Amino acid sequence: MNFNILAVGDVVGACGIRYLESNLRRIKKKYGADLIIVNGENSADANGISRRSAISIFDAGADVITGGNHSLRCKDVYSLYESESRLLLPANISPVPFGNGHVIIETSFGRVLVVNVLGQIYMNPCESPFYAVERILKSEHGNYDLAVADIHAEATSEKLAFLRYFSDRFQVIFGTHTHVQTADEMVFGSCGYITDLGMCGAEDSILGTVAQRVVDKLVKRTPERFELADGKCVLRGALFTIDSDSKKTLDVKRIFEAE
Ligand SMILES: [Fe+2]
Ligand SMILES: [Fe+2]
């Protein structure tokens, strides 16, 4: 028996939420996903993740929501970090007195540890993701059967270093944050990996925001307020297939779905 994990890249705004609400269950069935992990750090209309957008992602069928550098932007979600253990806040985000950087959930495969951590390169200052994850693995030693990590980071080198360092202790490692899917999916040893999942957001956009605003900012150097784009939505992510007996990842497939 195989166990399939579907990971979905950063959900961007109402466009991404609407798409998940209408399509995630269909996509789950299409790929035979047993566990769905969605990065929700940009799912609120005001960027960040709101209480409402988090609940919408869970209602759409996600089992775990991971976050990133925008996870603390909307204050109305803070209480949900305390009451909903499946809503993760990166383990090494600046110290906050609430939230979980990891969760262990029961599945048909067994206990799955999901870890969420931020990168340090070209990101706001935070603790080393390597040390933060070492600490989690040590504290949860013996409590899980399979381990998954979302490393939310800008630099491809940092995500690849994370893979090299942790590949023998995780079955699945994927990157998020750039919103641009990479084509380097691989099974490294027995760990499935992709540097970035991509996003679930408007196709006609730059990273999910109105393209012209970004162009103006970069070309004319004018101060621009980024606005979430709308229209046809695309979903990008990856499907990881793990052999239940050997606990080795057998295959990684890039996922692309469109309206
Ligand atoms: Fe993002
Ligand atoms: Fe991010």
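The buried residues of helix α5 are E158, K159, F162, L163 and F166, where buried means that 20 or more other C-beta atoms, placed from the backbone, lie within 10 Å of a residue's own, exposed means 12 or fewer, and partly exposed lies in between. Viewed down the axis of α5, these buried residues fall within an arc of 145°, so they line one face of the helix; the arc is that of the directions from the helix axis to the C-beta atoms. The face of α5 turned away from this buried side carries the exposed residues S157 and R164. This is a predicted model, in which local features need pLDDT of at least 70 and side-chain atom pairs count only at pLDDT 80 or more, while totals for chains, interfaces and linings use all residues. Residues are numbered from 1 along each chain as its sequence is written, with chains lettered from A and ligands numbered from 1 in the order in which they are written.

Of the 259 residues, 48% count as buried.

What covers the buried side of α5? The cover includes α4, β7, β8, β9 and β10. The strands belong to an open sheet of six, ordered β5-β6-β7-β8-β10-β9 with mixed pairing, where two strands pair if DSSP finds at least two bridges between them. β5 (102-106) and β9 (186-188) stand at the edges with a single partner strand each, so one side of each is left without a neighbour in the sheet. Neighbouring strands of this sheet are turned by 20° against each other on average, direction ignored. Within the sheet, β8 (residues 172-176) and β10 (residues 191-194) pair in the parallel sense over three bridges, and V172 stands opposite G192 in β10. Helix α5 (residues 156-166) packs on the sheet, and its direction makes about 165° with that of β8. Helix α4 (residues 129-139) lies across β5, β6 (111-118) and β7 (146-152), running at about 155° to β6. Axes here are lines fitted to C-alpha atoms, for helices over the stretch in contact, and angles run from 0 to 180 degrees between N-to-C directions.

Strand β2 (residues 10-11) and β11 (residues 199-202) pair in the parallel sense over two bridges, with C200 as the bridge partner of V11. On β12 (residues 233-243), which pairs with β11 in the antiparallel sense over three bridges, the bridge partner of C200 is L235. V11 counts as buried because it has 31 C-beta neighbours inside 10 Å. Leaving aside neighbours within four places in sequence, V11 is in contact (C-beta atoms, placed from the backbone, within 7 Å) with residues including G16, I57, C200 and G201.

Which residues touch the most other members of the largest nonpolar core? Of its 74 residues, they are V148, A149 and I173; such a core is a set of buried Ala, Val, Leu, Ile, Met, Phe, Trp, Tyr and Cys residues joined through C-beta atoms within 7 Å. β12 gives the most to this core, with seven residues.

Definitions and conventions:
Helix = DSSP H or I, 4+ residues; strand = E, 2+ residues; numbered from the N terminus. Contact = placed C-beta atoms within 7 Å.
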